[in-house]
Amino acid sequence: MMKKFILQICTFFIIIILSIGSIQNPYTSNYIDDLKRESIAVSTFNDPIFIELEQFAQKQNQPPINAVVDKVWKAVPGLNGLEVNIEASYERMRKDGQFSKKRVVYKQVPPEVHLSDLPPSPIYRGNSEKPMVSLLVNVAWGNEYLPSMLKIMQAYNVKTTFFLDGSWTKKNPTLAKMIVDEGHEIGNHGYSHPDMKKLSKGRISEEIQKTNEVIKATLDVSPVWFAPPSGSFRQDVVDIAKSMDMYTILWTVDTVDWRDPEPMAMVGRVLQKVEPGAMILMHPTASSTGGLEQLIIGLKEKGYQISTVTNLLSEERIGVPSETLESY
């Protein structure tokens, strides 16, 4: 009995000794490092630069926008959110000793729902929060106007998307290559300019696939955007295009240039209707070529960037200085 009691007492003291040994010594290097870090953190939070940076961030931060299927505009792409990277920004400003908007570091934050997550739907426009537009040039005729159109775009450093008819591409490989050589994007416009809405599923697939094959063989390009001729389609067209990893593209604003309107009147009407994210339909016609320069000038004066369908429908925000933008 006595032995058992003595054993319990010894065990009790051993536990106490081990517990005391586990308490952190206030003079160890780890403890001192922790104190230093806490001191720096407190100093940082009280720094006027850090405080001003946090207040600036609260006004600048913008949440991401998810892609949605709108009742009117159908599939609408999402848009990245924008956040101030406070830690990186503070580090840059601390070295300068002052707050500066030019030293702010931003990061883009992707949305949770992407265009690829949506059910197959036509696309009529980009995100309305993105100050960019795209010129959709459908090409099945108008060879005589293409060189002038390309020259004007080159003069204003405009890159956009040309939707090529498959049979036209086969007959005009030199002109098709000229478009690609100028840095423009290529889309699919069907093979024989049919009314896609009236075709069988088999013919729909054939029109799209045959055009892809011709464009690939001629230009070594695999289109991801499909523009149905005359904008005629039914859901089968959208579904079949999606099964080929392609999206169906329509338009926001129509130049109606095939009716041969007076160029400046056409430009004025388009500029009145244009809005952020707009896709502007045109063809290589006398009207569009005659008004193209003023249209480009007018769009830029309104603050719009003009770019390809790919860039317009991407989630990337624009207007943020690239030197202050992190990748996410």
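## A pocket and a strand to start from

Asn138, Trp141, His189, His193, Ser230, Gly231, Trp251, Asp254, Trp258, Leu281 and His283 line the largest pocket. This is a predicted model, and its chain has 328 residues.

**The largest pocket**
- Its volume is about 170 Å³.
- Among the lining residues, four are nonpolar, six are polar and one is charged.
- Asn138, one of the lining residues, also stands opposite Phe163 of strand E6.

- E6 spans residues 161-164 and is covered on both faces.
- On one side sit Thr161 and Phe163, on the other Phe162 and Leu164, and all of them are buried.
- In general, side chains in a regular strand alternate between the two faces of the sheet.
- Strand E5 (residues 132-139) pairs with E6 in the parallel sense, over four bridges.
- Strand E7 (residues 185-188) also runs parallel to E6, joined to E6 by four bridges.
- Phe163 has Gly187 as its bridge partner in E7, while Asn138 stands opposite Phe163 in the pairing of E5 with E6.
- Together with helix H5 (residues 146-155), E5 and E6 form a right-handed β-α-β unit.

**The whole chain**
- There are 12 helices and 13 strands in the chain.
- Of its residues, 44% count as buried.
- Taking contacts between residues at least 6 apart in sequence, 76% join residues at least 24 apart.

Notes. Residues are numbered from 1 along each chain as its sequence is written. This is a predicted model: local features need pLDDT of at least 70, side-chain atom pairs count only at pLDDT 80 or more; totals for chains, interfaces and linings use all residues. Side-chain values use heavy atoms; hydrogens and water are left out. Buried means under 20% relative accessible area, exposed over 50%, partly exposed in between (1.4 Å probe, protein chains only). Helices (H or I, at least four residues) and strands (E, at least two) are DSSP runs, numbered from the N terminus. Two strands pair if DSSP finds at least two bridges between them. A crossover is right-handed if, with the strands pointing away from the viewer, the path from the first strand over the helix to the second runs clockwise. On a 1 Å grid over the protein atoms alone, a cavity is a set of points where a 1.4 Å probe fits but cannot get out, and a pocket is an open set with protein on both sides within 12 Å along at least five of seven lines; lining residues have an atom within 4 Å of a point. Grid points are joined across faces, edges and corners, and a volume is the space filled by probe spheres set on the points. Ala, Val, Leu, Ile, Met, Phe, Trp, Tyr, Cys and Pro count as nonpolar, Asp, Glu, Lys and Arg as charged, and the others, Gly among them, as polar. Contact means heavy atoms within 4.5 Å.
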